[in-house]
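Trainee: I have a structure open and I'd like to learn how to read it. Could you walk me through some features?

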Amino acid sequence: GAQNCHFMGEGAYTGDIAPKMLLESGCQYVIIGHSERRHGLDEAERVLNLNLKSALKFGLSVIFCIGETLAEREANLTEDALRFQLDSGLSGLAPEWVGKVVVAYEPVWAIGTGKVATPEQAQEAHLFIRKEFAKKFGEAAAEALIIQYGGSVKPENAATILKQPDVDGALIGGASLKADSFLAIINAGK
């Protein structure tokens, strides 16, 4: 998998990687919309949408990340933020590509901060995402949708988060760099 891609299939886009190059290197997945791209590098929703559609067009599966900031959560705008990111990011998505999209809920306030959403907060957000996906693509697509949680997943919290009915897996960041931690998270998921 890759951490991002450019919306142009190929060409000279210094600093970006084209979907065709990812495929040639053996990638099957690409992350689009990670919070560090959205918030750290101000990647626009329009660009994220172009990246997503291009990756899918070239045959990659996409892990599409969405999540609210701390200010949005504290202002009770979590659902508004998630809806906006889903609507803009998945705009114009062809029906045949829906099954190649995984959504990762990443509460921005929980990434790299040591804070983590409670299992209940994760479940609420995942259920909301599934319902919004159903409105856009139908009940069958929403049921089949894989929704991962990505926000400071650690061996200590993985089992309780992964037991939630709408949490289908985890997008692991820093903990994946430590074999013992990563293995413990994998085991928690079993």
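Mentor: Let's start with charge pairs: a search of the whole structure turns up eight salt bridges. Keep in mind that this is a predicted model, where local features need pLDDT of at least 70 and side-chain atom pairs count only at pLDDT 80 or more, while totals for chains, interfaces and linings use all residues. Residues are numbered from 1 along each chain as its sequence is written, and side-chain values use heavy atoms, with hydrogens and water left out.

Trainee: What counts as a salt bridge here?

Mentor: The general idea is that side chains of opposite charge can pair when their charged atoms come close. The cut-off is a side-chain nitrogen of Lys or Arg within 4 Å of a carboxyl oxygen of Asp or Glu. Take R83 and E132, whose closest N and O atoms are 3.5 Å apart. R83 sits in helix α5 (residues 78–89) and E132 in helix α6 (residues 119–137), so this pair ties together parts that are 49 residues apart in sequence. Helices here are DSSP runs of H or I with at least four residues, strands are runs of E with at least two, and both are numbered from the N terminus.

Trainee: Which other pair joins K136 to a partner?

Mentor: K136 meets D87 in a salt bridge, at 3.8 Å from N to O. K136 lies in helix α6 and D87 in helix α5, so here too the parts tied together are 49 residues apart in sequence.

Trainee: Are the residues of these two pairs buried or exposed?

Mentor: Read that from relative accessible area: buried is under 20%, exposed is over 50%, and partly exposed is in between, using a 1.4 Å probe and protein chains only. R83 is partly exposed at 27%, whereas E132 is buried at 9%. In the other pair, K136 is partly exposed at 36% and D87 is partly exposed at 35%.

Trainee: Where do D168 and R130 sit?

Mentor: D168 is in the loop between α8 (155–162) and β5 (169–170), and R130 is in helix α6, 38 residues apart. Their salt bridge has its closest N and O atoms 2.8 Å apart. D168 is partly exposed at 38% relative accessibility, but R130 is buried at 8%.

Trainee: Now pockets. What is a pocket in this analysis?

Mentor: Picture a 1 Å grid over the protein atoms alone, with a 1.4 Å probe: a pocket is an open set of points with protein on both sides within 12 Å along at least five of seven lines, and lining residues have an atom within 4 Å of a point. Points are joined across faces, edges and corners, and a volume is the space filled by probe spheres set on them. The largest pocket has a volume of about 630 Å³. It has 23 lining residues, and the closest to its centre are H34, E36, I172, G173 and G174.

Trainee: How many of the lining residues are nonpolar, polar and charged?

Mentor: Seven are nonpolar, 11 polar and five charged. Ala, Val, Leu, Ile, Met, Phe, Trp, Tyr, Cys and Pro count as nonpolar, Asp, Glu, Lys and Arg as charged, and the others, Gly among them, as polar.

Trainee: What about the second largest pocket?

Mentor: That one holds about 160 Å³. Its lining includes Y29, S61, K100 and F133. Two or more lining residues come from each of β3 (101–105) and α7 (139–144). By class, the lining has nine nonpolar residues, two polar and one charged.

Trainee: Last topic: backbone angles. Which phi value does N76 have?

Mentor: The phi of N76 is near 55°, a positive value in a residue other than glycine. N76 lies in the loop between α4 and α5 and is exposed, at 70% relative accessible area. S152 also isn't a glycine and has a positive phi of about 55°. S152 lies in the loop between β4 (146–149) and α8, and is buried at 16%.
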